[in-house]
Amino acid sequence: MRRSAVLLAAASLALAGAVAGRGAAPAGVSDAVVTGEAMPRFLSDYGFFADAAAQEPAAGVVPYRLNTPLYSDGADKLRFVYVPAGARAKAQGEELIDLPVGSALIKTFAFTENGKRRLVETRVLLHRAGGWVALPYLWNAEQTEAVLAVAGARVPITTPQDEAISYRVPNKNQCKECHGLNGAVIPIGPKARNLSRDWLARMVAAGHLDAVPAGADRLPMWEDHRKVAVADAARAYLDVNCAHCHRPGATASNSGLDLRWEQNDAQAIGIGKRPVAAGRGAGGHLFDIVPGKPGESILVHRMASSEPGVAMPEIGKATIDREGLAVVERWIRELPAS
Amino acid sequence: MVRTAIAAALLLSAAPLAAATHDVAAGEGAQQRLQEALIMAAPGDEIVLGAGRFALDDGLSLDVANVTVRGAGMEQTVLDFTGQQGAGEGLLITSDGVTLRDFALENPKGDGIKSKGADDIVYHRIRVTWTRGPDAGNGAYGIYPVESTGVLVEGCQVSGASDAGIYVGQSRAITVRNSIVEANVAGIEIENSRDALVENNFATRNTGGILIFDLPSLPVMGGGNVIVRRNLVVANDTANFAPPGNIVAGVRRGTGVLIMANDTVLVEDNVIDGNPTAGVMVVAYPQAFEDARYNPFPRNVVVGANDFGRNGYAPQLDGAAQLLAAFGGSLPPVLWDGLSAGGTALRVAEGVTGWTLGLTRQGQPVAEARPAPLAVPRPEDRAAPAVGAPATLDARLAL
């Protein structure tokens with residue numbers, strides 16, 4: 001039974017490949033491409049953008065931001081959500097908004113070099129009948145098109161901190177390393193707690209969302225991290241940067257470390273918790289978090305490293321997020337030693 | 001009705017023939033080509049790695065079920081991660097039914113091969129080597145299946161791991177067999193796992209040969225039902241080089257078999273010789289813990305007949321000189337910390353000698369030990385626990 005499903009899928013993939021040539025950009029989003037079985041070769045096949053080079057979205061594709069974003073070597077991130085006409089996303093409290101089949105999340109990573117914005121990659125998450133599919137697209141040098149890169153790529157980049165790095169475009173499997181939960185691919189970003197109430201209200205007004213979720217807009221705006229309670233800034237940072245893996249059912253579940261915003265158990269978030277499989281990542285320290293002592297906390301040690309095998313997160317960045325690190329260090333320093 | 005049944009049967013029977021083989025050769029662009037093959041493979045496909053050295057600069061991953069990755073031999077096909085720039089392991093497997101065979105990994109920056117939530121996996125004739133030998137900067141685990149049901153590790157070789165060469169964690173239905181683990185901190189470690197068979201392996205020059213552990217505060221706990229038999233556990237005498245902070249950093253140099261906080265473990269028919277601290281050590285979890293679900297004590301551990309040579313001749317223990325003097329030059333092969341709760345911690349076969357630290361409470365410092373000769377009951381006449389990987393995994397070895 002499963003075999004025949006696979007064969008059918010393969011057949012339809014071949015068909016779709018045959019018809020999805022690289023013709024004129026479709027007018028608006030192609031729902032058939034979003035929900036089809038194929039892995040479209042070009043970003044333009046979806047029709048998400050009216051002007052892709054300018055990152056100007058097509059009708060129905062809505063830009064958004066997160067209050068506290070994931071650090072990606074300082075890349076500018078342009079985020080968009082698409083909900084197909086006639087369908088509506090559902091509020092689910094402070095958690096992910098429930099996007100219907102046919103929806104897509106689009107995120108472009110860009111760096112400004114010599115005063116010019118350079119698009120590097122666009123990642124798409126497509127909600128298809130069989131679940132979410134994550135695909136990475138790599139922009140060409142001419143900035144006219146992005147091409148599917150299932151195996152990812154490495155791109156030389158100069159970060160806003162002026163560090164010359166080999167920037168890693170994730171491969172399709174690495175997408176799942178972060179987006180996987182209990183074996184399925186799911187979105188990470190658009191949790192109501194990390195989205196502004198105003199934006200959510202506009203989504204409701206536009207008919208894309210059923211209601212402004214209770215529990216919306218709880219995470220602080222990252223640019224305000226010096227003004228808000230350090231615990232809020234740090235826990236928001238850990239939720240957004242770490243908890244997609246460090247939670248039950250996800251890639252780092254076996255560590256027993258659970259860094260989700262809603263986790264209140266001290267040991268689960270690392271306080272006084274011994275490492276399990278940290279290896280040399282432990283850096284000679286005994287606990288993930290030692291209250292009052294960021295310098296003795298494994299969490300800080302791993303955030304402050306750029307060395308593979310030590311550095312956390314393991315994928316998605318090559319440089320150290322000094323700002324995020326400083327917030328987490330300050331939080332740990334101020335934690336009462338109980 | 002009949003027609004659709006026939007059509008379905010045809011589809012099903014035709015399916016194995018449809019499985020494709022993808023050849024990947026070493027050389028320019030190996031990273032991209034191999035990763036693409038791993039992503040584009042269909043369930044049931046085989047990826048064949050040519051002989052040669054694949055220079056890789058990133059971790060690899062496989063997320064397609066029932067795929068075989070086959071090299072030309074563990075000395076012929078080498079995935080060289082010396083230049084690895086990213087990822088926490090060399091190769092990550094997240095799909096079920098995968099077979100990995102006949103290739104090697106060298107110098108991964110983190111772990112070697114990690115398979116997580118990957119049921120029914122076979123590692124056959126896989127080698128993972130950190131070529132500079134023992135070094136705290138080496139990756140933690142060589143072969144690292146975790147959170148999986150159905151694990152067969154057969155004919156593998158791991159050396160240089162700064163934690164455990166072959167580490168099976170939070171899993172069940174496990175066989176580790178015919179493998180050589182040398183110069184790791186722990187040779188083979190079965191942690192927070194059940195129904196494991198560890199047999200016919202050669203563990204030498206590790207800090208500790210074979211470790212059976214259960215640790216608190218993990219998603220899966222309650223390790224037990226383990227048989228350790230017919231292994232050569234010889235001359236495990238490398239100084240502990242684990243980075244501090246890890247549980248294995250506490251393993252004393254020269255521990256043959258170490259059983260900590262497990263239920264129902266049988267150790268028999270092994271050759272255990274030349275391990276300077278102890279042949280077999282049976283202990284409670286030594287540290288403080290807050291997890292109410294956790295049982296820190298060893299329970300129903302049986303040390304049957306083993307071929308014990310000279311162990312415990314240079315124990316890494318406080319008061320070693322007095323101990324050696326008291327026991328006549330070397331310690332008896334079995335060391336128990338004396339701790340138990342709710343039942344019998346340890347039984348030994350007739351003729352097996354040992355000693356106890358005489359501790360009386362969990363977490364008590366070893367400095368407070370009151371050593372005494374071992375006096376524990378004989379094994380009961382009980383059937384050995386049913387353990388090991390499903391037979392279907394063994395059947396794959398012949399393919």
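1. Basis. This is a predicted model, in which local features need pLDDT of at least 70 and side-chain atom pairs count only at pLDDT 80 or more, while totals for chains, interfaces and linings use all residues. Residues are numbered from 1 along each chain as its sequence is written, chains are lettered from A and ligands numbered from 1 in the order in which they are written, and side-chain values use heavy atoms, with hydrogens and water left out.

2. Extent of the contact between the chains. Chain B brings 48 residues to the contact and chain A brings 40 residues, where contact means heavy atoms within 4.5 Å. About 3,600 Å² is buried between the two chains, and carbon and sulfur atoms give 52% of that area. Buried area here is the accessible area (1.4 Å probe) that two parts lose on being put together, summed over both. On the chain B side, B:Ile39, B:Asp63 and B:Gly245 supply 13% of the area that chain B buries against chain A, more than any other three residues.

3. Polar links across the contact. There are 19 residue pairs in polar contact between chain B and chain A, both residues being at pLDDT 80 or more. A polar contact is a pair of N or O atoms within 3.5 Å; within protein, one must be able to donate a hydrogen and the other to accept it, and residues adjacent in sequence count only if both atoms are side-chain atoms. The salt bridges between the two chains number three, a salt bridge being a side-chain nitrogen of Lys or Arg within 4 Å of a carboxyl oxygen of Asp or Glu. One of them joins the side chains of B:Asp58 and A:Arg168, at 2.9 Å from N to O.

4. Make-up of the chain B side. At least two residues each of the side that touches chain A come from helix H1 (2–18), helix H2 (30–40), strand E4 (60–62), strand E7 (89–93), strand E9 (111–116) and strand E11 (141–146) of chain B. Helices (H or I, at least four residues) and strands (E, at least two) are DSSP runs, numbered from the N terminus. H2(B) gives the largest share, five residues. By type, this side of chain B divides into 21 nonpolar, 16 polar and 11 charged residues. Ala, Val, Leu, Ile, Met, Phe, Trp, Tyr, Cys and Pro count as nonpolar, Asp, Glu, Lys and Arg as charged, and the others, Gly among them, as polar.

5. Aromatic pairs. Over all chains, the structure holds 13 aromatic pairs. Rings of Phe, Tyr and Trp (its six-membered ring) pair if their centres lie within 6.5 Å; planes under 30 degrees apart count as stacked, over 60 as edge-to-face and the rest as tilted. A:Tyr46 and A:Tyr137 form an edge-to-face pair, 5.8 Å centre to centre with 85 degrees between the planes. A:Tyr46 lies in the loop between helix H2 (31–35) and strand E1 (49–51) of chain A, and A:Tyr137 in strand E7 (residues 131–139) of chain A, so the pair ties together parts that are 91 residues apart in sequence. Both A:Tyr46 and A:Tyr137 are buried, that is, under 20% relative accessible area, with exposed meaning over 50% and partly exposed in between (1.4 Å probe, protein chains only). Ring pairs link A:Tyr46, A:Phe48 and A:Tyr137 into a cluster.

6. A:Leu135. This residue is in strand E7 of chain A and is buried, with a relative accessible area of 0%. Leaving aside neighbours within four places in sequence, the residues in contact with A:Leu135 include A:Met39, A:Pro40, A:Tyr46 and A:Leu148.

7. A:Asp51. Strand E1 of chain A holds A:Asp51, which is partly exposed at 34% relative accessibility. The side chain of A:Asp51 reaches the backbone nitrogen of A:Ala53 at 3.3 Å, and a polar atom of this side chain lies 3.2 Å from the backbone nitrogen of A:Ala54.

8. Helix H3 of chain A. Of the eight residues of this helix (residues 172–179), six are buried; among them are A:Cys175, A:Cys178 and A:His179. At the start of H3(A), a side-chain oxygen of A:Asn171 comes to within 2.8 Å of the backbone nitrogen of A:Asn173.

9. B:Thr204. Strand E19 (residues 202–204) of chain B contains B:Thr204, which is buried at a relative accessible area of 9%. The side chain of B:Thr204 reaches the backbone oxygen of B:Val234 at 2.6 Å.
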